[in-house]
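Colleague: I would like to learn how to read domains and a ligand site in a model. Please take the features one at a time.

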Amino acid sequence: MRSFDARSHTYLGYVLWVEGAIGAEEREFLVAVGPGAHGRLGFRAGDRLSGVGEWVANPLEEIAELYKVSGLKMEARGEEAKQGGPPFHTLAPPLPVYRERGHRRLKEERYEEKCRTCMWGCRMPVEMIVDHWNPSKMKHRAETFCYGPLSCPSYNAGSRRRVPGRKGATWTEDDWVDEDATSHRGRDE
Ligand code: SF4
């Protein structure tokens, strides 16, 4: 959630990037799952799963196409990840770990090229309150982030992000915001 120079986070769950089939249609798609499902099944890159999901109610507010999955079943485990990276493929940690680590912005193209399978990379739906006197006036977009080690050689911040505000004003998020969010971590943490 962004409101000009302020931002806040709601960590609802994980998004699985699937190469598979929805009914008879074979393609890539994204599925949102809750922390309970991840705690139970421990998803990792390469797993084979099945389940029945619902189409998301408002695609503007979601990254995934499907959510509220029932009957989620592990059909086959992916290969155990070797230590090391990037990209990092060990088990994604609990959501409070992500919140505690904080993130840096990640260039969209870099996310697509190198970070899509990394446990520290994510694309988030972002809601923006354009006019705080009229909070119903919202804009939506997606942004990519990295929660990984500050020393990761794959990291590329990309351009500073601009946030729209009242009467055509724009706020540019400077580098210090990311530095502040991750300053409690050492370079290799
Ligand atoms: S830049 Fe971040 S998301 Fe990308 S591989 Fe490195 S740690 Fe993972």
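This is a predicted model: local features need pLDDT of at least 70, side-chain atom pairs count only at pLDDT 80 or more; totals for chains, interfaces and linings use all residues.

Modeller: Residues are numbered from 1 along each chain as its sequence is written, and side-chain values use heavy atoms, with hydrogens and water left out.

Colleague: Which domains does the assignment give?

Modeller: Domain bounds come from an automatic or database domain assignment. Here the protein chain has domain 1 (14–76) and domain 2 (82–182). Their centres, taken over C-alpha atoms, are 22 Å apart. Domain 1 brings 13 residues to the contact and domain 2 brings 15, contact being heavy atoms within 4.5 Å.

Colleague: What area is buried between domain 1 and domain 2?

Modeller: Buried area is the accessible area (1.4 Å probe) that two parts lose on being put together, summed over both. For this pair the area is about 1100 Å², with 67% from carbon and sulfur atoms. Of the part that domain 1 buries against domain 2, Y14, W17 and I63 supply 47%.

Colleague: How many salt bridges are counted between the two domains?

Modeller: A salt bridge needs a side-chain nitrogen of Lys or Arg within 4 Å of a carboxyl oxygen of Asp or Glu. The count between domain 1 and domain 2 is one. R116 forms a salt bridge with E28, with 3.4 Å between the closest N and O atoms.

Colleague: Which residues are closest to the ligand?

Modeller: A residue is near a molecule if one of its heavy atoms lies within 4 Å of it. The ligand is surrounded by 13 residues, and C115, C118, G121, C146 and C152 are the closest.
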